[in-house]
Amino acid sequence: MNMARGVRVKSSTGIYHVMIQGVNRQRIFNQDSDCIMFLNMLKNYKRLDNTKIFAYCLMDNHVHLLLKEGEGGVSCFMHKLECRYAQWFNKRYGRTGYLFRDRFKSEPVEDDAYLLMVIKYIHFNPVKAGMCREPGEYRFSSFTSLKGADAADPADFCEDVDFKELYGILGKERVVDSGKSFSAKDEICCVDTPEDRKLMVSEENLYKYASISEEEFKVKETGEKKALVSMLYEKGLSIRKIGQITSLSATYISRLLWAE
């Protein structure tokens with residue numbers, strides 16, 4: 001029996017953290033030239049649709065994007081980008097079939113604090129994967145553009161990353177400083193890959209660990225909510241999974257976890 005897809009959560013700001021991943025976790029970039037082709041396609045489609053790109057990171061088998069949807073909406077934009085790149089990739093490597101796993105994942109970004117944490121999360125992806133020591137050493141992320149990459153580099157995407165608009169939201173200093181450190185607090189980005197924070201309990205056992213219904217949770221005092229959320233987090237549940245149990249936003253969960 002086919003399960004219906006859940007409704008994609010809309011962002012009131014139009015800003016989303018998006019992740020696409022190779023089917024069966026396979027590589028979607030075999031060479032640097034594949035990454036450059038993907039960035040060129042990203043550049044073209046963002047201009048056609050008036051989509052804003054605030055941050056990106058291309059890993060071997062997945063991509064993180066922080067974007068503000070344009071005229072066609074995020075779903076239309078991602079569909080065109082994924083289809084075009086998959087066609088090109090399949091032709092280049094003589095393969096057939098799907099390249100990307102399911103539909104893309106997305107998380108709405110509703111406030112400045114979460115926006116800044118998403119930027120950190122994206123730029124520190126290659127560091128967490130052991131591919132470099134700091135974000136500025138990794139070629140295929142927007143952090144290189146942020147720090148002023150060599151204009152002769154074909155992977156340079158600087159003029160196409162909408163830093164000016166991002167600075168208007170967060171301030172330039174906060175954006176530039178985002179690449180200096182990364183902590184557990186910045187793990188609240190909810191669009192996880194299987195290599196990220198592992199879920200230590202199965203889907204059917206989520207409520208067992210919570211030992212509470214959604215309706216009961218809503219009337220709890222803040223301190224009790226904090227204790228429950230902390231317990232779930234310590235058991236290995238991602239912010240996304242905790243949100244599924246409690247119907248709380250990622251921002252509110254992070255405040256419960258790390259508020260003084």
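# Tour of aromatic pairs and salt bridges

Select Tyr85 and Phe100 to begin: both are buried (under 20% relative accessible area; over 50% is exposed and in between is partly exposed, with a 1.4 Å probe and protein chains only). This is a predicted model, in which local features need pLDDT of at least 70 and side-chain atom pairs count only at pLDDT 80 or more, while totals for chains, interfaces and linings use all residues. Residues are numbered from 1 along each chain as its sequence is written, and side-chain values use heavy atoms, with hydrogens and water left out.

**Aromatic pairs**

The structure holds 8 aromatic pairs. Rings of Phe, Tyr and Trp (its six-membered ring) pair if their centres lie within 6.5 Å; planes under 30 degrees apart are stacked, over 60 edge-to-face, and the rest tilted. Keep Tyr85 and Phe100 selected: their ring centres are 6.4 Å apart and their planes meet at 45°, so this pair is tilted. Tyr85 sits in helix 2 and Phe100 in the loop between helix 2 and strand 4 (105-108), so the pair links distant parts of the chain, 15 residues apart. Helices (H or I, at least four residues) and strands (E, at least two) are DSSP runs, numbered from the N terminus.

Now extend the selection to Phe29, Phe38, Trp88, Phe89 and Tyr93; ring pairs link these with Tyr85 and Phe100 into a cluster.

Next, go to helix 6 (residues 163-170), which holds both Phe163 and Tyr167, 4 residues apart, about one turn of the helix. Phe163 is buried, at 7% relative accessible area.

**Salt bridges**

A search of the whole structure finds 8 salt bridges, each a side-chain nitrogen of Lys or Arg within 4 Å of a carboxyl oxygen of Asp or Glu.

Select Arg92 and Asp34, a salt bridge with its closest N and O atoms 2.5 Å apart. Arg92 is in helix 2 and Asp34 in helix 1 (residues 32-49), 58 residues apart, and the pair links distant parts of the chain. Asp34 is buried at 0% relative accessibility, whereas Arg92 is partly exposed at 38%.

Move to Glu69 and Lys10, whose closest N and O atoms are 3.6 Å apart in a salt bridge. Glu69 lies in the loop between strand 3 (62-68) and helix 2 (74-93), and Lys10 in the segment before strand 1 (15-21), so the pair ties together parts 59 residues apart in sequence. Glu69 is partly exposed at 21%; Lys10 is exposed at 58%.

Finish at Glu137 and Arg133, a salt bridge with its closest N and O atoms 3.1 Å apart. Glu137 is partly exposed, with a relative accessible area of 38%, and Arg133 is exposed at 73%.
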